[in-house]
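My notes follow in the order I looked things up.

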Amino acid sequence: MKKLSRWRGFGWAQIAAGLCYAGSALADQTLSSSQAPGPASSRLPSPASAPPLSFDDPRFAGNSSEPYTRYGKFFSNGEVVEHRSWDHNNDGSSVVCGDCTLKNSRIRSNEGFRCIGSDGIGGINIDGVYIETKGLPGDHADGLQCYDPGKTNAITVRNTTFKTYNNANATAGFFYADGLGGSVSFENVLFWGGPYGLRMHPDGMNVTVSLKDVYFVGPFLYGAFLINNAGGGTMTITKWENVRSATIVNGQLVPGSLLPQPRIR
């Protein structure tokens, strides 16, 4: 649970964006992919357009720098933000929204993107983004964390990298839990390091997730992914297509073995 003193005097959206509900912590680690290696398969060519592999990827050369704000940038409903760079050690997340689009941008901070319930109809769209988080003590250094109990959202992530480090100040590259319902779709996405790359629990809500052309590059402290019904509710995987372990060799993403779809418990 994140310290509450940091959030006194702020509205619910600010508070919600920075908290982590401890009830789902480390639940049912038996589904970790590191304990269930995928079947052998021939290596495939790297994707035609790989997700960005570093903060300094040339595609971000013309990005404009976002100024430091203590608790990050709050997007307004329907806002579209492109070609931006965040490179700060914020006290909270760098970006917060419930209904926005972030494209061709990069984040390097101790905490990354925080999503809340959608008040609009567009949900969250992330495309061509690099998010790297390395937390300081007391942080919750996930690349993207969702928190808004009882609300719903629809999140689409494409051509994006979540790089996270294996320390006690993080949970996953992408952490979806704490009573937020809705749907998440990943396509051409890289999860690189962390306690987990991807971790999802419904916590009393109904959640669907789709994965297509998704890659996991270790090392992971616990496993590549953890997806289950922790906290009650229903977690449903609607697509599991070309989900693989991978390595990075000479700056190129090299797909490896297929990873089996987890059994939802």
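Predicted model: local features only at pLDDT ≥ 70, side-chain atom pairs only at ≥ 80, totals over all residues.

I count a disulfide wherever two cysteine sulfur atoms lie within 2.5 Å.

**Disulfides**

I searched for pairs by that rule and got two disulfides. I then numbered the bonded cysteines in sequence order, and the pairing reads 1-2, 3-4.

I took Cys97 and Cys100 first. Their sulfurs are 1.9 Å apart, and a disulfide joins them. Which hand does this bridge have? The torsion about its S-S bond is about -60°, so the Cys97–Cys100 disulfide is left-handed. I checked accessibility at both ends. Cys97 is buried at 2% relative accessibility. Cys100 is buried too, with a relative accessible area of 3%.

I moved on to Cys115 and Cys146. A disulfide joins this pair as well, with S to S at 1.9 Å. Here the S-S torsion is about 140°, so the disulfide is right-handed. The pair links distant parts of the chain: Cys115 sits in strand E8 (residues 113–115), Cys146 in strand E11 (residues 144–146), and 31 residues separate them. Are these two cysteines buried or exposed? Both Cys115 and Cys146 are buried.

**Backbone**

I looked for exceptions in phi. Asp178 is not a glycine, yet its phi is positive, about 65°. I placed Asp178 in the loop between strand E13 (172–176) and strand E14 (181–200). Asp178 has 4% relative accessibility, so I call it buried, the cut-off being under 20%.

Asp213 is also not a glycine and has a positive phi, about 55°. I found Asp213 within strand E15.

Then I checked omega. Where is the cis peptide bond? It joins Gly218 and Pro219, with omega about 10°. Pro219 lies in strand E15, which covers residues 206–227.

**Whole chain**

I finished with the totals. How many helices and strands does the protein chain have? I noted one helix and 17 strands. Of the 265 residues in the chain, 54% are buried.

I also went through contacts between residues at least 6 apart in sequence. Of these, 70% join residues at least 24 apart.

Last came the surface. The accessible surface of the protein chain is about 10700 Å². Carbon and sulfur atoms account for 51% of that area.

Terms used: Residues numbered from 1 in each chain as written. Heavy atoms only, no water. Helix = DSSP H or I, 4+ residues; strand = E, 2+ residues; numbered from the N terminus. Buried < 20%, exposed > 50% of the residue type's maximum accessible area, 1.4 Å probe, protein only. Contact = heavy atoms within 4.5 Å. Areas by Shrake-Rupley, 256 points an atom, 1.4 Å probe, with all protein chains shown as cover.
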